[in-house]
Amino acid sequence: MLEDPKTRSDWDAFRADKSTKMIVIGHDRFNKSLTLDIENKMMLYMSGVSSVGNLNNRRENDQNKYFTENDRDDIFSKVWRKLRKLDNRLFPLEQIIRDSALFKASPFHKLTQEQFDAKNLVQDRITKVLLAGEEDQLILVQGEAGSGKTVLLSTIFLPDVSI
C-alpha cells in the first residue's frame, strides 16, 4: 500500500513545485519482486547521474530468486531508454552511468552472498563493540581491487539509502 504523500514531510517540496512530474512505469512482466528489483536498479542508476542531488528510498528491497528475474536487465534497459527520450539529461546513456564513480560506489548494488555475509559480520562486530562500550576498534575489510569493498561499506554505513 502506498503511503499518503500528504503525511510525508519529505514530499512538501514536490507538492509545492509546479514543475514536478510523476512517471508511472508498467510492464506486462512486472510482479512484486521484479518491480522492487527495477526500483532498486533505478535508484542505483540515478545515484550515478551527476544532476541528481538526492535520492530517497526508505527500504532495502533486493529480491532473491523469482520467475521473471531473467527479464530484469532487458526490461530495465527498455524502461531507461524510454525515460531517456523524455529527458536525456536526467536519463543519460546507460554506459555513461555505469562508468561513473558514483555508480560504482552506490549502496544500491545488489550484494553477492560473500558481501552479504561480510556485511553481517561487520554489523555484528559494530553492535558488540557499541553494546560493550569499547573504544578504539579497527575492522579491516580486505579484498582485491574490484571485489566490492566500497559497495559493501556504502551499504553498511548508508543503511537508510537516502543520499
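These legends walk through several close-up views of a predicted protein model.

Residues are numbered from 1 along each chain as its sequence is written, and side-chain values use heavy atoms, with hydrogens and water left out. Because this is a predicted model, local features need pLDDT of at least 70 and side-chain atom pairs count only at pLDDT 80 or more, while totals for chains, interfaces and linings use all residues.

View 1. The protein chain has seven helices and zero strands; both are DSSP runs numbered from the N terminus, with helices being H or I of at least four residues and strands being E of at least two. Of its 163 residues, 31% count as buried (buried means under 20% relative accessible area, exposed over 50%, partly exposed in between, with a 1.4 Å probe and protein chains only). The accessible surface comes to about 11600 Å², and 54% of this belongs to carbon and sulfur atoms; such areas come from the Shrake-Rupley method with a 1.4 Å probe, and for residues only the protein chains shown count as cover. Among contacts with a separation of 6 or more, 71% are between residues 24 or more positions apart (contact means heavy atoms within 4.5 Å).

**View 2. Helix α2 packs against helix α3.** Two packed helices are described by the angle between their axes and the distance between the axes. Here α2 (residues 32-46) and α3 (residues 72-86) meet at an angle of about 55°, with axes 10 Å apart. Axes are lines fitted to C-alpha atoms, for helices over the stretch in contact, and angles run from 0 to 180 degrees between N-to-C directions. The two helices are therefore oblique to each other; angles under 35 degrees count as roughly parallel, over 145 as roughly antiparallel, 65 to 115 as roughly perpendicular and the rest as oblique. Look for Leu34, Ile38 and Tyr45 among the α2 residues in this contact, and for Ile75, Phe76 and Trp80 among those of α3. By class, the contact residues divide into 10 nonpolar, no polar and four charged. Ala, Val, Leu, Ile, Met, Phe, Trp, Tyr, Cys and Pro count as nonpolar, Asp, Glu, Lys and Arg as charged, and the others, Gly among them, as polar.

**View 3. Helix α7 rests against helices α5 and α6.** In α7 (residues 149-157), Val151, Leu152, Ser154, Thr155 and Ile156 are buried. These buried residues pack against α5 (101-104) and α6 (113-132). The axes of α6 and α7 come within 10 Å and cross at roughly 45°, so this pair is oblique too. On the α6 side, Ala118, Val122 and Ile126 are among the residues that meet α7, whose partners include Val151 and Phe157. This contact has seven nonpolar, three polar and one charged residues.

**View 4. Lysine 149 sits in helix α7.** Zoom in on lysine 149 in this helix, and you find a partly exposed residue with a relative accessible area of 26%. Leaving aside residues up to four places away in sequence, lysine 149 touches Val141, Gln142, Gly143 and Glu144. Its C-alpha atom is separated by 9.7 Å from that of alanine 118, 31 residues apart along the chain.

**View 5. Aspartate 136 has a positive phi.** Aspartate 136 lies in the loop between α6 and α7. Its phi is about 55°, a positive value, although this residue is not a glycine. With 77% relative accessibility, aspartate 136 counts as exposed.
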